Amino acid sequence: MDWIVQASTYADDVDGAILLITYLVGFWFFLTAGLFFWLIFAFRKRDGVEAEYLTGGEQQPKKFITWAHMLVLVCDVFVVIAAIQVWVEIKQTLPDAPETQTVRIVSQQWAWSFIHPGPDGQLDTADDIKTVDDLHIEVDRPYIYELTSRDVLHDFSVIAFRLKQDAVPGRVITGWFQATKTGEFEIQCAEMCGIGHGLMPGMVHVQSPEEHAAWMASKSNGAMLAQAGR
Ligand SMILES: [Cu+2]
């Protein structure tokens, strides 16, 4: 689905599962709708022809339902296999490559706070970089996120990544993403969280390693100046 930009490693797999469902459901939709209207027009009321009453128990017409039902169940098997594959890949697997970094995402009414590991690559150290509504990450690097909420249910959604994860107060929810394209991609809260829900946008800035290092340097200089009281 190229008309919605795909900017993560798993975006294409999510689109593949959704397209499979769309094609299978679409096939049955048009087949049954077509058959339905054909029957209505082909067997409409005619003078001198009496309507036949079917109870549903007759074998001859019933096989059209039974066979179609079996075929739909076979399609379901393909949908379930595709869905489980994508679910396990995205929600039940975490990247373990050594270059993986962890970011913390805190949602609240109505903003996103991000805690980035600084140049040392570790969270909870002095060089952590905190931002509001702007997440800065490196392209082609796996990130684990720790998503929390300060108040109500929110949902961290980045359409270009095909990433969508509820934030639940009292829980730390862990997931991952790996961006494949540099650029700016929108974050939108995807869970009704109050009157400012629609005003809860954010931006992911996917940067090349050089850009990212420059951004971190600019932030840590600022932090040092602030610490020095300037
Ligand atoms: Cu929200």
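Reply: Let us start with a pairing. Strand β6, residues 154-158, is joined to β7 by five bridges, and the two run antiparallel. Strands here are DSSP runs (E, at least two residues), helices are runs of H or I with at least four residues, and both are numbered from the N terminus. Two strands pair if DSSP finds at least two bridges between them.

A word on the source. This is a predicted model, in which local features need pLDDT of at least 70 and side-chain atom pairs count only at pLDDT 80 or more, while totals for chains, interfaces and linings use all residues. Residues are numbered from 1 along each chain as its sequence is written.

Now walk along β6. His154 stands opposite Ala167 in β7. Ser157 faces Lys164, also in β7. Four residues lie between the strands of this hairpin, where Arg162 takes a positive phi near 55°.

β6 has another partner. Two bridges join β6 to β9, and this pair runs antiparallel. Phe156 has Cys189 of β9 as its bridge partner. In general, strands of a sheet pair through backbone hydrogen bonds, either parallel or antiparallel.

Step back to the sheet. It is open, with five strands in the order β4-β10-β9-β6-β7 and mixed pairing. β4 (134-138) and β7 (163-167) stand at the edges with a single partner strand each, so one side of each has no neighbour in the sheet. From one strand to the next, the twist averages 20°. Such angles run from 0 to 180 degrees between N-to-C directions, with axes fitted as lines to C-alpha atoms, for helices over the stretch in contact.

How enclosed is β6? Four of its five residues are buried, so β6 is largely enclosed by the rest of the structure. Buried means that 20 or more other C-beta atoms lie within 10 Å of the residue's own; exposed means 12 or fewer, partly exposed is in between, and C-beta atoms are placed from the backbone.

The largest nonpolar core has 25 residues, and Ala7, Ile105, Val158, Phe161, Phe185 and Val204 touch the most other members. β6 is among the elements that give two or more residues to this core, and so are β7, β9 and β10. β5 gives the most, with three residues. A nonpolar core is a set of buried Ala, Val, Leu, Ile, Met, Phe, Trp, Tyr and Cys residues joined through C-beta atoms within 7 Å. In soluble globular proteins, nonpolar side chains tend to be buried together.

Leaving aside neighbours within four places in sequence, Ala7 is in contact with Ala160, Phe161, Ala179, Thr180, Lys181, Phe185 and Val206. Contact means that the C-beta atoms of two residues, placed from the backbone, lie within 7 Å.

There is also an open sheet of five strands in the order β3-β2-β1-β5-β8, with mixed pairing. β5 and β8 pair in the antiparallel sense over six bridges. Glu146 stands opposite Thr174 in β8.

Finally, the whole chain. It holds three helices and 10 strands. Buried residues make up 17% of its 230 residues. Of the contacts in the chain with a separation of 6 or more, 66% join residues 24 or more positions apart. The C-alpha atoms fill a box of roughly 100 × 40 × 30 Å along the principal axes.
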